[in-house]
Amino acid sequence: MALVALYRSAPLRQRIAKGYSVYVPDPGPGRGAADLVTALLANPPLLPAGPSEQPYALRGSARTRGALWIDTGRVSLHDPAARAHAAQALAASVAQVAADVRHRGGLLLPTGWQQQPDPVAGLCADLHSAEVLNPVQREVFTNLVREHTAPLIALTGRQLYGPSGVAPGGSARLSRSFDQVSARYLDSCAPEHLERVRTRLRQEERVGRLEVMDVSPLGVPEVDAGGDVTVRLFDAQVTVASALAHALLVQALSMWSRDLERTGRRVRQMPQPLVEQNRARAIAHGLAAELPVDQGRRVEGPPKTQPAGRAVRALVSELMPHLRQLDATADELAPLFLGVELAESAATSGFVRNENDLLAHWHTDDRTALAPERLAQGLATPDWLTADHLSATNRSLAPGSWAAARIWLTDRVTGPAPQPDRNHEAQQKRKPEPRRKPDRPAPLTADQLLDRLAKPDIPAPEILDALRSYCRTGGALDLTRPLRSRGRDEARALRRVLRPRAGQRVRYEEPPASWEDATATRALRAAGEQGVALMHWDLPAQDRARVREALRRMGRAPGGVRAVLLTDATYTAREDEKRGTVEVLLVAPREEADR
C-alpha cells in the first residue's frame, strides 16, 4: 500500500498568565494589598522579553484585586529550548515584580496565605490560553478539557496555607468562587449556538458570560486572550517550574484536539451532572477524591469509581504521543507524573504529588518554612522558581524508588524505536508472518488482564488463560504498579483472584539460590502440573531487595515458565516490626509454541 499523506499536528502558540497574591504585613488606610496592586499597575516595571522577543506584561483583575499576573503573551513552547527560555524569562519577571512589591512595602506570595485580612481576595489561577485556528478546533479543544476537568483540578489544586500548615482538601479558590462554573458541552462554536449556551448559563447559574466557565471558548479579557481558548482550572502554582509543566499538559491537549478535528471526530458528550459531581469531588478532596466513571448506560448497583490519581495517570498516558511530539523530557514531566506514580506505592508513604503536598512536607520538616518572608525570598530568586522542588523532595525521600520511576518515565517518553524503512525488494523477500492460531487469544496488557479478572465469578481455567496471554506480551512481567493504581480494596480482591489454591503455593524463608534448589524445583513442578504456582516470601522488610536481586540473577525459569511479580510490599507486624511480602506467580505455557 502506498503512503499518500502524512499528517502531524504541530504545537501552536500559547499564553501563560502566572498568578501571585500581594500581602501587606502592616496594612492601613490606603495601604492595603489592593491599593499596592493598583499603584503597581499604574506604573508597572519593564519586564524581560520571552521567546517571542516581546516583553512580558503585568496585569490585574477588578474581580481579584489582591492578585497580580505576569503575562507571557503568545509564545511558542514547541521544544525544550523554547520552554526553558520562556521559563527563565518568566522567573526573572516574577523576581522583578517581587522586588517592586517589596519596595512598596508588601510581599509577593503564592496565592492562599491564610493571614491576609481577606485570604479570598488574593486567591487566583494560572491562566493558560491556547491558540486555535478555526471554530471546530475551538469546540473540540473546549470539550476535551471539559471531559478531563476533575483530574486536572485534582492535580493542580492549591489550598490555604499558614503558620499551622496546609489546609486539607483540593482547591481553596474553586471552593470559594462565585464567578466560575463548570464548562458546558459545545455542540458548535457558531454564534447562534454560543448564544444558546449563554442563555443556559443565565438560567442555571444566573450569569450570562462564557468566560465564567472553567474553559472559556473565547478567552478572557483580563489577559487580553480574546480569540484563544482559556483554561481556568489550574490554581496559581508556587513555582514557574510547575506552571511550565502544566503548560505542557495544555499544549498536548490542544494537539490531541487538532488530531480529532483533522480526522473528523468529536469529543463524546459526558453528562453534565457527572462532570459537576466529579468536579466537586476534586475541589473538595484533591487527589484523594474517588471519581465516578461514565459507564455510558444506566447500570444497577453503586456506580464504578476510580481514584483521582489513577485518572491523572490515565490522562497523561493518553497524552504521551503528543508529549513525545513536543520532545518533552522526563525531567519536564516528572512534576506531573512521578509523584502521583510513586504515591501509589504500598511500601512507602509521604511522596509529594503536587504543590499542596510539597508545602505540607516543607512545613512538617520546618515549622518556619511557610513564613511569608521565606516564601517571598524564594519568589525573588529566579533559580528557586525554575527548580523542580517536587522531584527533589521525592528523590530525597526514596532515592532508589525515584530513580527507578524516572527510568521508567524516560522509557515512556522515548517510546518504541522507529523501524527502519524497507525497500520494495526487501519486502518481496520477507517471509510471511505465521498466522496466529484461531484458538490462541491475543496477548493482554496488564490493565487488560486486570479488567478481565475483575469480572465476578470468573472460573479458574479462564484466569489461567488470561495469565498466559499476559505472559506473551514480552518484557518485564510486573503487576505491582498496575495493581497499585486500582485502589487498595480492588487490588486486594484482584490478588485473591490471582493466587492459586493452597496446594500450588510454595513458601520461602530465604532468597532463592537458583532454579535448581529444592524449593524452586517444587514450585516449578506445581506450575507444570497445575499451570500456575505461587512463590511466597514473608521476611524482614529490608530483605525484600535481596529477593528481587536473587530473582534477577536467576534469569528466566526453565521450560518456558514465566515469572510474574504479583506483590512487593511492606506491612507492620507485632511490636511495630516492619515485615515484607514478595509474591511471584509461575505460569507454565500451554503448548510448545508459547515457549
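1. Helix 10 has a kink of about 50 degrees, centred on Leu 336. The bend at a residue is the angle between axes fitted to the seven residues ending there and the seven starting there. Helices (H or I, at least four residues) and strands (E, at least two) are DSSP runs, numbered from the N terminus.

2. A word on the basis. This is a predicted model, in which local features need pLDDT of at least 70, side-chain atom pairs count only at pLDDT 80 or more, and totals for chains, interfaces and linings use all residues. Residues are numbered from 1 along each chain as its sequence is written, and side-chain values use heavy atoms, with hydrogens and water left out.

3. Back to helix 10. It is largely enclosed by the rest of the structure, because twelve of its 14 residues are buried. Buried means under 20% relative accessible area, exposed over 50%, and partly exposed in between (1.4 Å probe, protein chains only). The buried residues include Pro 335, Leu 336 and Phe 337. Glu 332 and Glu 341 are also among them.

4. Glu 332 has a charged partner. It forms a salt bridge with Arg 83, with the closest N and O atoms 2.7 Å apart. A salt bridge is a side-chain nitrogen of Lys or Arg within 4 Å of a carboxyl oxygen of Asp or Glu. The pair links distant parts of the chain: Glu 332 sits in helix 10 (residues 330–343) and Arg 83 in helix 2 (residues 80–103), 249 residues apart. Both ends are buried: Glu 332 has 19% relative accessibility, and Arg 83 has 3%.

5. By the same rule, the count comes to 35 salt bridges. One of them joins the side chains of Glu 131 and Arg 13, at 3.0 Å from N to O. This pair also links distant parts of the chain, 118 residues apart. Glu 131 lies in the loop between strand 5 (127–130) and helix 3 (135–147). Arg 13 lies in the segment before strand 1 (14–23). Glu 131 is buried, at 11% relative accessible area, whereas Arg 13 is partly exposed, at 36%.

6. Another salt bridge pairs Glu 211 with Arg 209, the closest N and O atoms being 3.7 Å apart. Arg 209 is partly exposed, with a relative accessible area of 31%. Elsewhere, salt bridges with shared partners join Arg 13, Arg 74, Glu 131 and Asp 228 into one network.

7. Now the nonpolar side. A nonpolar core is a set of buried Ala, Val, Leu, Ile, Met, Phe, Trp, Tyr and Cys residues joined through side-chain atoms within 4.5 Å. The largest has 67 residues. Phe 141, Val 145, Leu 152, Leu 253, Leu 319, Leu 323 and Leu 333 touch the most other members. Helix 7 (residues 240–262) gives the largest share of this core, nine residues. A second, separate core of 30 residues includes Tyr 20, Ala 33, Leu 36 and Val 240.

8. Leu 253 deserves a look. Neighbours within four places in sequence aside, Leu 253 is in contact (heavy atoms within 4.5 Å) with Phe 141, Leu 144, Val 145, Leu 152, Leu 315 and Leu 319.

9. Finally, Thr 567. This residue lies in strand 14 (residues 562–572) and is buried, at 7% relative accessible area. Its side chain makes polar contacts with those of Arg 495, at 3.2 Å, and Glu 583, at 2.7 Å. A polar contact is a pair of N or O atoms within 3.5 Å; within protein, one must be able to donate a hydrogen and the other to accept it, and residues adjacent in sequence count only if both atoms are side-chain atoms. Not counting residues up to four places away in sequence, Thr 567 also touches residues including Thr 480, Arg 499 and Thr 581.
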